[in-house]
Amino acid sequence: MPTLLSPLSFAGLTLRNRVAMPPMWSGKATAEGFVTPAIIEYHRVRAAAGTALIIVEHSFVHPQGRHSSTQLGAHDDSCVEGLSRLAAAIRAEGAVACLQISHAGARAASRVTGLRVLAPSPIATIRESSPDAPDQLTRSQVEEVVEAFARAAARAREAGFDAVEIHAAHGFLLSQFLSPLTNHRTDEYGGDHERRSRIHLEVLAAVRRRAGADFPLFVRLGMHDERPGGLTLAPACVTAAQLVSAGAALIDVSGGLAGSDDPGRGPGYFVGYAEALKEVVDVPILVAGGIADPRMADLIVRSRRADIVGIGRAMLDDPDWTRTAAAALDQA
Ligand SMILES: Cc1cc2nc3c(=O)[nH]c(=O)nc-3n(C[C@H](O)[C@H](O)[C@H](O)COP(=O)(O)O)c2cc1C
């Protein structure tokens, strides 16, 4: 029976246990989106505590998809040098290093990017306090976004990351495409669920072409919008299965417009989605969401409701969370 502390091998990677640091924006990048010593230390200390998988905070793939002025970038070759130092620091502590890559879509802001905000449909996000009214992406702009994801993934590989994670959750661009609430397109990228998920499969294929089919690719997928009329679990599971068939090596389950918002279910609030997805796909499933108790994390793995547990805010509060948890579970 797997436990929180047992190793896991898949897609050429070996995790020393089942604890992950989920991607968490640190607000510590330079104005150019470059890595700083503070970003390296933020991730390194959590790797040094024995955490098996560090998924580095969302990094923008295109200047127009930047979420904040302190967000990390993967949009340009000039980012590779800093990203290399970050990946090396994480790996030197024995953790697997993954970079999350993202486009904010309607959650970007002109005051940050100096550019028009683009989205699947001209619908402002309800997540930001003073959102811009976005323009609808043209087909050629969709192609540009797909290519931007692919190039960013290739940079992650060049920088020495072990894997890349495509951000398709929390109301960012790919999540906007998948949601009936924010995608009202009538072309091949909208109209029904299959067309709303077309860009996901295009991004995945482009990443594999540019970064190599042997470079492990994870997807953080919002499984439910948690809002009336929004994305629900069953179609999200269909998309997850398609992504896995197309080569995704891991699905990182999340939901809502911020993974940190509990929809009212209490600790482990997305575990039910992970459990449902495990019935459908046979790649490792990672789940985060309100999990802080090591015994709860261990039970999630033991009961095979998920394979890897993400510890977010509890690991921000206590960078040593994994070491402390391992000691507590060893004594139990
Ligand atoms: C400060 C902060 C920053 C976050 N940044 C990201 C991010 O960059 N990418 C992402 O997918 N999720 C992000 N999240 C969501 C977390 O990865 C995680 O899914 C969420 O906090 C739930 O896990 P937890 O209850 O263990 O914190 C962030 C959460 C917090 C609290």
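Let us start with a pair of strands: β11 and β12 run parallel to each other and are joined over three bridges. One of the residue pairs to look for is V253, whose bridge partner in β12 is V287. Keep in mind as you explore that this is a predicted model.

Staying with β12, you can see that both of its faces are covered. I285 and V287 lie on one side, L286 and A288 lie on the other, and all four are buried. Leaving aside residues up to four places away in sequence, V287 touches V253, F270, V271, A274, I300, A306, V309 and G310.

Two of those contacts, V271 and A274, lead us to helix α9, which spans residues 271-278. The buried residues of α9 are V271, Y273, A274 and L277. These residues sit on the same side of α9, because they cover an arc of only 160° around the axis. And what lies over them? The cover includes α8 (233-245), β11 (250-254), β12 (285-288) and α10 (294-302).

The largest nonpolar core has 103 residues. Helix α4 (residues 139-158) gives the largest share of the core, with ten residues.

Next, turn to another strand, β4. Eight of the eight residues of β4 are buried, so this strand is largely enclosed by the rest of the structure. Strand β3 (residues 19-21) pairs with β4 in the parallel sense over two bridges, and M21 has I54 as its bridge partner in β4. Strand β6 (residues 96-102) also runs parallel to β4, and here the pairing extends over six bridges.

Which elements each supply at least two residues of the shell around it? They are β4 (53-60) and α11 (313-317). In total, 23 residues surround the ligand, and the closest are P22, H58, G259, G312 and R313. Sorted by class, this shell holds nine nonpolar, eleven polar and three charged residues.

Note on methods. Residues numbered from 1 in each chain as written. Predicted model: local features only at pLDDT ≥ 70, side-chain atom pairs only at ≥ 80, totals over all residues. Near = placed C-beta within 6 Å. Nonpolar A, V, L, I, M, F, W, Y, C, P; charged D, E, K, R; others polar. Buried ≥ 20, exposed ≤ 12 C-beta atoms within 10 Å, placed from the backbone. Arc of directions from axis to C-beta. Contact = placed C-beta atoms within 7 Å. Core = buried A, V, L, I, M, F, W, Y, C linked by C-beta atoms within 7 Å. Pairing = 2+ DSSP bridges.
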